[in-house]
Amino acid sequence: MRPADLIHRKQAGLPIRMLTAWDALSAALVQAAGVEAVLVGDSLAMVVLGHATTLPVTLEEMIHHTKAVGRGLGGTASERPMVICDLPFLSYQCGGDLAMAAAGRVLKETEAAAVKLEGGEAETLQVVDRLVRTGVPVMGHLGLTPQSVHQLGYRRQANDPISQERLRRQARDLEAAGCFALVLEHVPGPLASSLRRQLTIPVIGIGAGDDCDGQVRVTADLLGLTSRQPPFSPPLIDGRQLAVQALRQWTEHAGPAAPTIRPSPAAPHC
Ligand code: KIV
């Protein structure tokens with residue numbers, strides 16, 4: 001799968017399914033589930049590394065986890081889902097050269113064929129333009145952008161006409177700058193639905209209603225492995241409970257076998 005394949009899927013009316021992965025194990029699971037794209041999201045900061053937000057994860061850590069995801073995928077190149085790696089906070093906000101170096105490392109050192117970055121302000125558009133013109137496919141991300149948690153919180157975004165118009169403009173600008181797809185997170189469904197019709201690139205939603213070209217979810221949320229899931233991504237199974245139950249059965253039976261009574265050693269002859 002390549003960026004162009006995702007655009008062809010939109011044109012053909014075929015859904016785009018994207019799940020997050022953070023290591024070889026989770027990559028093998030989501031590939032077996034039949035996704036077109038695997039996102040090594042910076043949500044791994046919270047889901048896997050135990051941070052309170054996505055901000056602390058480093059480029060080094062993103063690369064380390066993306067390499068592991070690549071090792072977990074099987075099949076030939078054409079059978080493998082496309083891998084997209086999030087550019088972490090501060091790897092692309094400090095100017096085009098640093099963004100280029102960060103994205104270049106991701107593409108050189110890992111299986112990822114594209115990067116994702118958040119926002120649609122003028123500085124971000126410049127970075128997208130630079131990356132795309134240099135051969136780096138870029139996926140955009142608007143709406144709830146967790147790297148801006150200290151400004152936006154985790155609330156639904158674009159609830160009023162002014163912010164909806166701003167988001168529409170940013171979406172069009174990201175498409176014009178060369179993004180091959182756009183993630184819309186936690187925005188009103190009708191807004192995502194109308195943008196999907198306006199844009200030629202796929203709109204991939206999470207908490208953005210059903211009428212998107214594709215959907216993305218954090219795998220650990222779907223499996224019920226995280227301690228709390230966002231309202232727009234309820235768990236499909238109670239994975240945490242199932243895992244704890246199974247492991248508890250094991251711990252209850254693990255340990256040395258019940259001692260067998262052996263005769264005490266005979267007293268040495270003297
Ligand atoms: O980091 C992530 O997992 C994401 C998804 C929520 C889209 O960006």
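At what angle do H4 and H5 pack, and how far apart are their axes? In this predicted model, H4 and H5 pack at an angle of about 20°, and their axes are 10 Å apart. Angles under 35 degrees count as roughly parallel, and H4 and H5 are therefore roughly parallel to each other. The points below describe this helix pair, two further helix pairs and the surroundings of the ligand.

**Helices H4 and H5**

- The crossing in which H4 passes H5 is right-handed.
- On the H4 side, the residues that meet H5 are Leu59, Glu60, Ile63 and Lys67.
- On the H5 side, their partners are Ala102, Arg105, Val106 and Glu109.
- Sorted by class, this contact of H4 with H5 holds four nonpolar and four charged residues, with no polar ones.

**Helices H2 and H4**

- Helix H2 spans residues 24-32 and helix H4 spans residues 59-72; their axes come within 7 Å and cross at roughly 50°.
- H2 passes H4 in a crossing that is right-handed.
- H2 contributes Ala24, Ala27, Ala28 and Gln31 to the contact, while H4 contributes Ala68, Val69, Arg71 and Gly72.
- The contact of H2 with H4 comprises five nonpolar residues, two polar residues and one charged residue.

**Helices H5 and H6**

- The axes of helix H5, residues 96-109, and helix H6, residues 122-133, come within 10 Å of each other and cross at roughly 50°.
- H5 and H6 are therefore oblique to each other.
- Where H5 passes H6, the crossing is right-handed.
- From H5, the contact is made by Gly96, Asp97, Ala99, Met100 and Ala103.
- From H6, Val127, Arg130 and Leu131 complete the contact.
- The contact of H5 with H6 includes five nonpolar residues, one polar residue and two charged residues.

**Surroundings of the ligand**

- The residues around the ligand include Thr20, Leu39, Gly41, Asp42, Ser43 and Asp86.
- Also among the residues surrounding the ligand are Lys116, His141, Glu185, Ile206, Val216 and Val218.

- An N or O atom in the side chain of Ser43 lies 2.6 Å from an oxygen atom of the ligand.
- For Lys116, the distance between a side-chain N or O atom and an oxygen atom of the ligand is 2.8 Å.
- In the case of Asp42, an N or O atom of the side chain is 3.1 Å from a ligand oxygen atom.
- Asp42, Ser43 and Lys116 are also among the residues that surround the ligand.

Methods. Residues are numbered from 1 along each chain as its sequence is written. This is a predicted model: local features need pLDDT of at least 70, side-chain atom pairs count only at pLDDT 80 or more; totals for chains, interfaces and linings use all residues. Side-chain values use heavy atoms; hydrogens and water are left out. Axes are lines fitted to C-alpha atoms, for helices over the stretch in contact, and angles run from 0 to 180 degrees between N-to-C directions. Helices (H or I, at least four residues) and strands (E, at least two) are DSSP runs, numbered from the N terminus. Angles under 35 degrees count as roughly parallel, over 145 as roughly antiparallel, 65 to 115 as roughly perpendicular and the rest as oblique. A crossing is left-handed if the near helix is turned anticlockwise from the far one by less than a right angle, and right-handed if clockwise. Contact means heavy atoms within 4.5 Å. Ala, Val, Leu, Ile, Met, Phe, Trp, Tyr, Cys and Pro count as nonpolar, Asp, Glu, Lys and Arg as charged, and the others, Gly among them, as polar. A residue is near a molecule or strand if one of its heavy atoms lies within 4 Å of it. A polar contact is a pair of N or O atoms within 3.5 Å; within protein, one must be able to donate a hydrogen and the other to accept it, and residues adjacent in sequence count only if both atoms are side-chain atoms.
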